[in-house]
Amino acid sequence: MTLEPGAQGATPDATPSDAMARIIDAALARHDGWLPFDQFMALALYAPGAGYYAHGSRKFGHLPGSGSDFVTAPELSPLFGQTLAVQVQEALAHSGTDEVWEFGAGSGALAEQLLGALEDGQGGGVARYTIVDLSGALRERQRERLAPFGDKVRWVSELPQRIEGVVVGNEVLDAMPVKLLHRVKGVWHERGVVRAGHDARGGGRAADGALGWEDRPTDLRPPVDIGGPHDYLTEIHPQARAWVATLAERLARGAAFLIDYGFPESEYYHPQRHMGTVMCHQAHRSDSNPLVAVGDKDITAHVDFTGIALAAQDAGLTVLGYTSQARFLLNCGLGPRMDAAPLAERALAARLVHEHEMGEFFKVLGLAAGEPWEPVGFAHGDRSHTL
Ligand SMILES: C[S@@+](CC[C@H](N)C(=O)[O-])C[C@H]1O[C@@H](n2cnc3c(N)ncnc32)[C@H](O)[C@@H]1O
C-alpha cells in the first residue's frame, strides 16, 4: 500500500471498540494477561465481526476523504492487473494449466483486471478463477464486482490438497501476523500485549481500556545475527513462512507470483533498522502504534523475502525470480500500455513504477512447481542473488 504525499502522521488516540475490547480481554484472560503480538494482530485484523478485515469498512481506494484507508496497486490503476496478466498468461501456457488462484483479493479489483485481460485475447481466458480470502466482508464485495464473470469465479475458504494453475497474491504476505522480538541490553525478548493498568479489584480491564507492551525473555531469534550491542526491535514471520510452505506442498503444477513490500534478509535485519517495520494505516495516514484504534486500522509488517523464498524452496518450489515491481511491470510491457493510455490514467500508472512510490519499495517473487524456466517478468534485472 502507499500513502498520499505528506500523509505521514499519528492517528487520533483511541481505545478499541467495545466488541474488539471484549475480544482482546477474553484472549488476554486465556493467556494469563500476556498476548503474544502475532495473536493480537490476528484478532485486530481478522476477529469475526470486529477485526479490521472482518467488518464492512471501505479500506481500499486512492482518494483520501473517500472513507478508504490506503491504496494498493490494482486500486491505483487497471494497468497493474492488465500488465500482470501478461505474466500470468505466460505461466499458464508454460505449465499447461488453465486456472488462476488469487489469495487476499481485496475489493476484487485485481481479479477484474486479470479476468478481463485474460479474456480479451491474452490467451483465450481461464477456465476457473478461485479466490481465497480470510475476510467474509470482502468476499461479498468481490462477489458483486465479479458477477459479470459468472460461474468462472469461485471462492474457497480452505486450500484444497492439490492446486494446479497460477497463483497470485498482492499485499497478502504483509497482512499476515508477525511475532515481535526485542533485544534489550543484549537479551532477546518476545513482545506481547498487556492491559496498561489493572483495576483495583484485579482481573478487570483498565478503566480506559488502554493496552501496553510487555517483553518476556525468549529463545526465539531473528534468522540472522544482528550486529552491534544496541537495543533492537524487529519481527519474525512464522505465519507467512508456514503459509508459503503449505502453498508449496499443494502446488502440484504451475507457478506463483507474490507481490509486496519488503526486502531480502540482509536489509531486513540490518543493524540500523532497529525499530522494526510494523505500520498501521487509516484514512491514508500511517502510524506505528497498533495498540490504539484496534480493529479500525490496518496493521502490516514488511515481508522478509529471503525467508519466504527459503520456506518455498524447502517445501519443494523453485525460485523463478525476484525483482522490483517497477522492473517486473516494465518487463511485462507496462511502458507501451502507459503510452497508449489517457493522460490521467498514465499519471496514476506512473506511481506503480516510480522509484519513490511503489516501484522500488514493492518486490515480486516468482515461484514454480518443477523445473526452473525464464518468465518474462524477470527477463531483465532479476535480483534473486540478493535473497
Ligand atoms: C492489504 S489487503 C490486499 C488486498 C488486495 N490484494 C489488493 O491488492 O488490493 C490483504 C488481503 O489479504 C487477505 N489475507 C490475509 N491473510 C490471508 C490468507 N492467509 N489467506 C487469504 N487471504 C489472506 C486479507 O483478508 C485481505 O483481503
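Start by selecting P78, F80, G81, Q82, L84, A85, V88 and Q89 in α4, together with L110, Q113, L114, A117 and L118 in α5: these are the residues through which the two helices meet. The model is a predicted one. Colour the selection by class, and the contact of α4 with α5 shows nine nonpolar residues, four polar ones and no charged residues.

Helix α4 covers residues 78–95, and its axis lies 8 Å from that of α5, at an angle of about 55°. Angles of 65 to 115 degrees count as roughly perpendicular and those under 35 as roughly parallel, so α4 is oblique to α5. The crossing of the two helices is right-handed.

Keep α5 on display and move to the largest pocket. Select F103, G104, D133, L134 and V172, the residues of its lining that lie nearest the centre of the pocket. The lining as a whole has 36 residues. Several elements each give two or more residues to this lining: α2 (37–46), α3 (73–76), β4 (99–103), α5 (109–119) and α7 (238–250).

Which element gives the most to the lining of the largest pocket? Select α7, which gives three residues.

Finally, colour the lining of the largest pocket by class: 20 residues are nonpolar, nine are polar and seven are charged. The space in this pocket comes to about 650 Å³.

Key: Residues are numbered from 1 along each chain as its sequence is written. This is a predicted model: local features need pLDDT of at least 70, side-chain atom pairs count only at pLDDT 80 or more; totals for chains, interfaces and linings use all residues. Side-chain values use heavy atoms; hydrogens and water are left out. On a 1 Å grid over the protein atoms alone, a cavity is a set of points where a 1.4 Å probe fits but cannot get out, and a pocket is an open set with protein on both sides within 12 Å along at least five of seven lines; lining residues have an atom within 4 Å of a point. Grid points are joined across faces, edges and corners, and a volume is the space filled by probe spheres set on the points. Helices (H or I, at least four residues) and strands (E, at least two) are DSSP runs, numbered from the N terminus. Ala, Val, Leu, Ile, Met, Phe, Trp, Tyr, Cys and Pro count as nonpolar, Asp, Glu, Lys and Arg as charged, and the others, Gly among them, as polar. Axes are lines fitted to C-alpha atoms, for helices over the stretch in contact, and angles run from 0 to 180 degrees between N-to-C directions. Angles under 35 degrees count as roughly parallel, over 145 as roughly antiparallel, 65 to 115 as roughly perpendicular and the rest as oblique. A crossing is left-handed if the near helix is turned anticlockwise from the far one by less than a right angle, and right-handed if clockwise. Contact means heavy atoms within 4.5 Å.
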